[in-house]
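Please keep the sequence and the structure at hand while reading.

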Amino acid sequence: MDLYNGLLNKEKRAIARMISLVERNDSEALEVLSRLYKFSGNAHIVGITGPPGAGKSTLTDKLAKNLRKEGKKIAIIAVDPTSPFTGGAILGDRIRMNKLSTDPGVFIRSMGARGHLGGISKATHAAVKILDIAGYDYIFIETVGVGQSEIDIVKTTDTVIMVMVPGLGDDIQALKAGIMEIADIFVVNKSDRDGADRTKVEIEMMLDFSCSQWRPPVTKVIATIDKGIDELLANVSEHKDYLVSSGAFLSKRILNSEAEIIGLIKDKIIDRIVNASSNKNDVKMYAERVAKREIDPYTACAKLLSKSVKEVNDGEGKKN
Amino acid sequence: MEKTIRVLVAKPGLDGHDRGAKVIARALRDAGMEVIYTGLRLTPEQIVQAAIQEDVDAVALSILSGAHNHLLPRVVDLLKEENAFDDILVLGGGVIPDEDIPGLKEKGIAEIFTPGTATQVTIDFIRNNLKK
């Protein structure tokens, strides 16, 4: 398959194959991606996060359908958890989006988190770029159901929508640090249920303490019957306008790029020190000694690091 | 990096019995595969578009309605139209009479798993017959 031209021609099979390849760090696919990177940057990237069962998939489905009426092309990346024991996963977000499957202007991809704990998978960044290059106007990233601190989504997106539901906890939960701080827009879904108004008020009170320029709107929605979706889409476009007019758009993307570069460096270093075949046994050997209290973990870490640095220096010495 | 096998588990047509599909989905998950579970009452078109967008290695179709002779070959034909059949293994499962099985295999369904099949048999079949 010609991935380079396939992606430029926006062919769904090429897009799909590229995502599979970057998921396993395929060097050829990453090479294609770096050649095409200059064509990305046009999509508005929206993160949708919230606790399990809050209605993230249903909401995403409805947002996509409404944007399709305006002729926008929509891509959805839906992340679900991977088993830490077998590496397997059940990716079930598509169940709520089956009617979109056959729409030529929509691309939906399910991803397993594959051991990554921030609410998205490691390859999500790359998948976003692929879909951006392929010309989708909006890219929605639906995170795994989150708890209190899975905030990687904020480093990957332009707008974060936090989906809440009534009855999850009192106002102290809303005061806590972490996930409540990253939202640009709040949604109280299932707002026909008891306590929806209280949940909205608690979020508003929490926001009263904040002094940032953008005050996140709190919108009541019933996603299953399409209620409040128009208002939510208006929130998204207001936030988009705010980002552009305030100059926050570029500064946010610079922060995101910085986080991405640092993440890539970390991966490379871990790959070199921990996963390299010559070091795998060393790590095991040190782990055994640490467990038996023959050596402490800090010294083990220092020894492994200095060994790798030495290897790199030796390697470069030979080249010269 | 090691390749993760991705399987779409889908129910074409109008029957609402998804216990079997869920058992298979869970068994494949426990075998280390990524299962894209799409739920009930799908058209062959929806199944094929999902299979392409998800870049799966196999499509496992569970059907108990009796419409297998129509719906299963339709999935194969649509995959061929999209030039995706060379990459994707198509499997069927459910209440399918023995005399229908040879005809389905002739039309491109790689294997049919009827009630009572051990999940390990299905897992091994997928692992040993991947097309890409």
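Predicted model: local features only at pLDDT ≥ 70, side-chain atom pairs only at ≥ 80, totals over all residues.

For background, most residues other than glycine have a negative phi.

A second residue of this kind is A:K10, whose phi is near 60°, again a positive value in a residue other than glycine. A:K10 belongs to the loop between helix 1 (3-8) and helix 2 of chain A. Is A:K10 buried, partly exposed or exposed? With a relative accessibility of 41%, A:K10 counts as partly exposed, because this value falls between the limits of 20% and 50%.

## The interface between chain A and chain B

The size of an interface is often given as the accessible area lost when the parts come together. For chain A and chain B, the area buried between them is about 2500 Å², and 50% of it is on carbon and sulfur atoms. On the side of chain A, the residues A:R13, A:R24 and A:I90 supply 24% of the area that this chain buries against chain B, which is more than any other three residues. Counted by residues, the contact takes 29 from chain A and 31 from chain B.

How many salt bridges are found across the interface of chain A and chain B? The rule finds 6 of them. One salt bridge joins the side chains of B:E54 and A:R109, with a distance of 3.8 Å from N to O. Several elements of chain A take part in the side that touches chain B, for helix 2 (12-23), strand 3 (89-91) and strand 4 (106-112) each supply at least two residues of it.

## A nonpolar patch on the surface

On the surface, A:I261, A:I265 and A:I269 form a nonpolar patch, and together they have about 270 Å² of accessible area. Of these residues, A:I265 is found in helix 9 of chain A, which covers residues 248-275. A:I265 is partly exposed, with a relative accessible area of 45%, so it passes the limit of over 30% that is required of residues in a patch.

Conventions:
Residues numbered from 1 in each chain as written. Chains lettered and ligands numbered in written order. Heavy atoms only, no water. Patch = residues over 30% accessible without salt bridge, like charges linked within 9 Å, V, L, I, M, F, W, Y side chains within 5 Å. Areas by Shrake-Rupley, 256 points an atom, 1.4 Å probe, with all protein chains shown as cover. Salt bridge = Lys/Arg side-chain N within 4 Å of Asp/Glu carboxyl O. Helix = DSSP H or I, 4+ residues; strand = E, 2+ residues; numbered from the N terminus. Buried < 20%, exposed > 50% of the residue type's maximum accessible area, 1.4 Å probe, protein only. Contact = heavy atoms within 4.5 Å. Buried area = accessible area lost by both parts, 1.4 Å probe.
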